[in-house]
Amino acid sequence: MSSDDQILEEFTSKEYEHGWSVNFEADEAPMGLNEEIVRFISHKKNEPKWLLDWRLKSYRHWAQLKEPKWANVEYPKIDYQGIKYYSAPKKGGKIKSLNELDPEMIKTFERLGISLNEQKRLSGIAVDAVIDSVSVATTFKETLSELGIIFCSFSEAVHEHPELIKKYLGSVIPAADNYFSALNSAVFSDGSFCYIPKGVRCPMELSTYFRINAANTGQFERTLIIAEDDSYVSYLEGCTAPMRDENQLHAAVVEIYAAKNAEVKYSTVQNWYPGNKDGTGGIYNFVTKRGICAGDHAKISWTQVETGSAVTWKYPSCILKGDHSVGEFYSVAVTNNYQQADTGTKMIHLGKHTKSRIVSKGISAGKSQNSYRGHVKVSKRATHSRNFSQCDSLLMGNQCGAHTFPYIDVDNSNSQIEHEATTSKIGEDQIFYCKQRGLDEESSVALIVNGFAKEVMNNLPMEFAVEAQKLLALTLEGSVG
Amino acid sequence: METSVVNGIRDVFNNNEANYQSSSLAHRKSALDFVLSHNFPDRKDEEYKYTPVNQILKKNFNFKNTITSKTTDFDFEDYFYQLEGNHLVFFNGSYQPFQSKIYNEICCHLEKKSNQSFHDIFDALNVAFYENSLKIEVNKNYRSQPFFIYYFYDSQQGQIFGNPNIQIVGHPDTRIEILENTISKGTYPVFINKKVSVHVKTNAEINITKIQNYKKHVYQIYNLEVNQDTQSKFNSNVYSFAGGLIRNNLKINQMGENCESHMHGLYLITGHTHVDNHTAVNHTHPHSYSNELYKGIVDESARAVFNGKIFVRPEAQKTNAFQSNQNINLSDEASIYTKPQLEIWADDVKCSHGCTVGQLDEEALFYLRSRGIGKNQAKALILIAFSEQSLEHIPFEFVKKEIDTLIRKRLIG
């Protein structure tokens with residue numbers, strides 16, 4: 001009980017904790033998007049020709065596409081020519097040791113609670129920090145490379161491991177997959193790359209931290225995770241942005257490739273700036289995340305806690321290609337004020353005896369709209385497949401909305417699919433019970449909400465679970481009564 | 001729309017023009033323009049994603065080849081249920097008052113003018129083409145007999161394009177019971193585009209039971225729109241067994257407090273039958289209730305589509321809405337697409353939905369077989385038990401029996 005109180009106290013009167021910005025000297029591309037900008041980015045990153053060609057092909061495809069309108073979200077038309085597609089902290093770039101890093105930047109990350117200083121770090125998480133879509137520092141590189149694990153920024157990987165990038169880039173999410181993935185493929189500036197060799201169990205959590213700093217920029221990073229046979233990795237992703245009055249665009253791509261017997265666990269705590277109480281500002285979070293269980297017995301597990309962003313449009317998906325492969329999706333999506341979230345997953349069953357599990361908990365408060373959109377597809381070949389989906393929504397107040405759009409397509413006769421969903425509010429009897437035991441209303445709600453989301457929270461790594469719990473309480477601040 | 005289809009539809013309209021009342025011709029023409037300026041929905045249309053009517057019609061039906069025949073060797077009365085009530089006959093889509101056997105003269109009217117509004121292409125198509133409309137209206141405190149509506153289609157001479165149109169109004173404190181059945185003859189394709197609008201006024205109750213056991217060259221679109229006033233009750237039961245295409249759109253608008261809507265459905269399909277049930281319930285006032293249960297057994301190359309929408313608007317506090325879709329898939333060639341959808345804007349509500357796709361319970365099968373019941377019989381027993389839950393809400397005993405017989409015939413052979 002006391003801990004819940006603390007959490008709430010800690011955050012009382014705070015709006016968005018990470019809403020400050022720092023004045024780095026930044027290297028920016030001019031506003032707008034055209035082939036020249038794509039060439040400019042590629043040139044800045046000193047990229048080989050094949051990658052430039054790939055970018056240009058994506059750009060040309062994107063230019064022909066129309067922005068999709070099917071999601072259950074509303075936002076003013078994005079002016080794609082009013083965005084800067086490249087912004088890099090000037091002093092970032094390639095550095096050999098942390099001592100060379102801009103002290104301002106180290107401070108920035110310390111303010112965010114991320115220590116880039118390896119020696120001081122006890123818990124042992126390797127971090128790749130990305131500011132305005134350029135990777136500025138990666139920690140614990142040496143320790144990891146002893147095991148053959150490659151963990152570095154995407155641009156570094158392009159130069160040092162081109163064969164891997166060539167093979168896997170766009171293999172899970174082709175550039176032409178959708179509007180935002182095509183945009184990302186054309187202009188992505190950096191991101192994280194991770195390769196776990198055969199039989200290696202990654203000894204520490206790998207983590208990427210994204211931060212949008214500059215104004216008027218979009219962030220377009222790309223993450224590629226490759227897990228070879230019998231390997232294991234747990235990957236964390238966090239993000240924040242300064243408070244600004246205009247909306248900023250974030251269109252990322254995350255690709256995961258899991259070979260035979262490999263297991264990848266991908267956890268996200270998404271805390272982009274959600275806009276203020278009146279719905280001004282905030283990040284448009286249009287992300288494409290997909291993993292493929294390419295080998296037999298592979299497993300991909302997505303866990304996400306979505307609390308930020310003005311508009312979210314995100315469906316971490318699994319293609320279950322290998323026989324006996326497993327896909328999991330655990331999600332807590334909280335929306336408050338004027339936030340809108342349309343999030344869910346796709347489970348594409350292709351292999352035999354594949355299993356998937358979806359647990360989605362949506363909490364809407366204020367004037368927000370929260371949608372779950374899921375697609376479970378069982379192809380004819382995917383015999384004896386199994387899916388279980390559960391989507392629960394919690395509504396706080398009568399000005400918000402909770403929506404469920406589950407698509408279930410089954411093409412064979414021996415698979416078992418179950419879907420269930422409920423929508424309800426916090427029971428007055430539950431609040432009464434808590435209050436009777438001395439909790440005030442706000443902490444009762446925090447307690448109940450945390451209980452509601454427990455099933456998902458339990459799947460988060462320790463370090464994230466604490467942060468996520470705090471975030472939940474913070475996001476729902478002031479929504480009771 | 002393709003020129004050939006446009007010309008086909010235009011031809012049918014011009015052929016029929018003489019039959020239409022001149023005062024409503026302008027309205028029909030505006031509906032026709034609406035139709036011709038739109039396409040029949042295909043895969044790209046979210047509502048028809050799994051039922052691409054455009055392709056199905058293109059492949060199987062040609063407006064150019066439709067005929068309008070008034071004569072038939074059908075003896076309608078042979079098919080009437082041996083029960084007291086109103087036996088209403090539709091032939092090739094138009095209401096035939098002189099062939100019908102009407103008990104409550106005061107309740108059944110024929111309307112020739114066309115002034116109904118339309119929202120989508122099938123609605124408009126019906127409004128443009130229906131020859132006459134049957135209006136069933138039961139006045140306050142009047143007790144009517146049940147209405148048995150028979151749709152006869154005779155496609156022995158050529159393709160038939162039928163547009164039945166019915167309006168049902170239940171005035172306060174009345175109860176209306178309706179049973180619909182379709183009988184067809186002939187081997188040419190039949191395209192039925194049915195539009196039924198229902199208004200259930202305060203404290204009234206309307207039950208509609210539909211039996212859809214068509215021939216395989218019958219393609220049907222059924223738009224049923226229901227408006228409910230305070231404290232009214234509406235029940236829909238639909239049983240689909242066969243047909244080339246069965247698409248049922250059921251839209252319920254609850255426009256007052258304390259409304260109650262029940263939707264029950266069963267589809268038991270084989271061959272290449274395609275059944276698509278789309279339902280939408282719109283809760284706009286407090287204390288309303290809806291309950292939906294659709295069950296299906298899908299065998300051979302059949303396809304079943306289910307899409308249930310529940311909207312709970314911000315004012316509709318204390319609403320209870322339940323929705324369930326359960327499927328048994330017996331064949332690897334069969335497909336099931338289901339999408340139970342909830343959209344909720346009110347917080348003090350209880351809403352749930354669930355859906356399952358599975359197969360025969362192996363343990364139950366084993367249990368029965370270990371007690372000496374043969375495999376096929378055990379299978380039938382389980383499937384019958386599964387389907388019969390949906391019969392509970394039929395108001396007529398004999399219909400229950402009839403549907404039960406159909407189920408048993410289908411499952412036991």
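Val275(B) has Ala304(B) as its bridge partner in strand β17(B), a pairing taken, like everything below, from a predicted model. The strand that faces β17(B) here is β15 of chain B, residues 274-283, and the two run parallel, joined by 10 bridges. The mean pLDDT of chain B is 92, with 100% of its residues at 70 or more, while the predictor assigns the complex an ipTM of 0.79 and a pTM of 0.84.

**Strand β17 and its partners**

- Strand β17 of chain B covers residues 303-312, and because nine of its 10 residues are buried, the strand is largely enclosed by the rest of the structure.
- Besides its pairing with β15(B), β17(B) also pairs in the parallel sense with strand β19 of chain B, residues 335-344, over 10 bridges.
- Within the pairing of β17(B) and β19(B), Gly308(B) stands opposite Pro340(B) of β19(B).

**Helices α2 and α4**

- Helix α2 of chain B (residues 25-36) and helix α4 of chain B (residues 121-129) have axes that come within 8 Å and cross at roughly 145 degrees, and the crossing of α2(B) past α4(B) is left-handed.
- On the α2(B) side, the contact is made by Arg28(B), Ala31(B), Leu32(B), Phe34(B) and Val35(B), which meet Ile121(B), Ala124(B), Leu125(B), Val127(B) and Ala128(B) of α4(B).
- Sorted by class, the residues in this contact between α2(B) and α4(B) comprise nine nonpolar and one charged, with no polar residues.

Notes: Residues are numbered from 1 along each chain as its sequence is written. Chains are lettered from A and ligands numbered from 1 in the order in which they are written. This is a predicted model: local features need pLDDT of at least 70, side-chain atom pairs count only at pLDDT 80 or more; totals for chains, interfaces and linings use all residues. pLDDT is the predictor's confidence in each residue, from 0 to 100. A residue is buried if 20 or more other C-beta atoms lie within 10 Å of its own, exposed if 12 or fewer, and partly exposed in between; C-beta atoms are placed from the backbone. Helices (H or I, at least four residues) and strands (E, at least two) are DSSP runs, numbered from the N terminus. Two strands pair if DSSP finds at least two bridges between them. Axes are lines fitted to C-alpha atoms, for helices over the stretch in contact, and angles run from 0 to 180 degrees between N-to-C directions. A crossing is left-handed if the near helix is turned anticlockwise from the far one by less than a right angle, and right-handed if clockwise. Two residues are in contact if their C-beta atoms, placed from the backbone, lie within 7 Å. Ala, Val, Leu, Ile, Met, Phe, Trp, Tyr, Cys and Pro count as nonpolar, Asp, Glu, Lys and Arg as charged, and the others, Gly among them, as polar.
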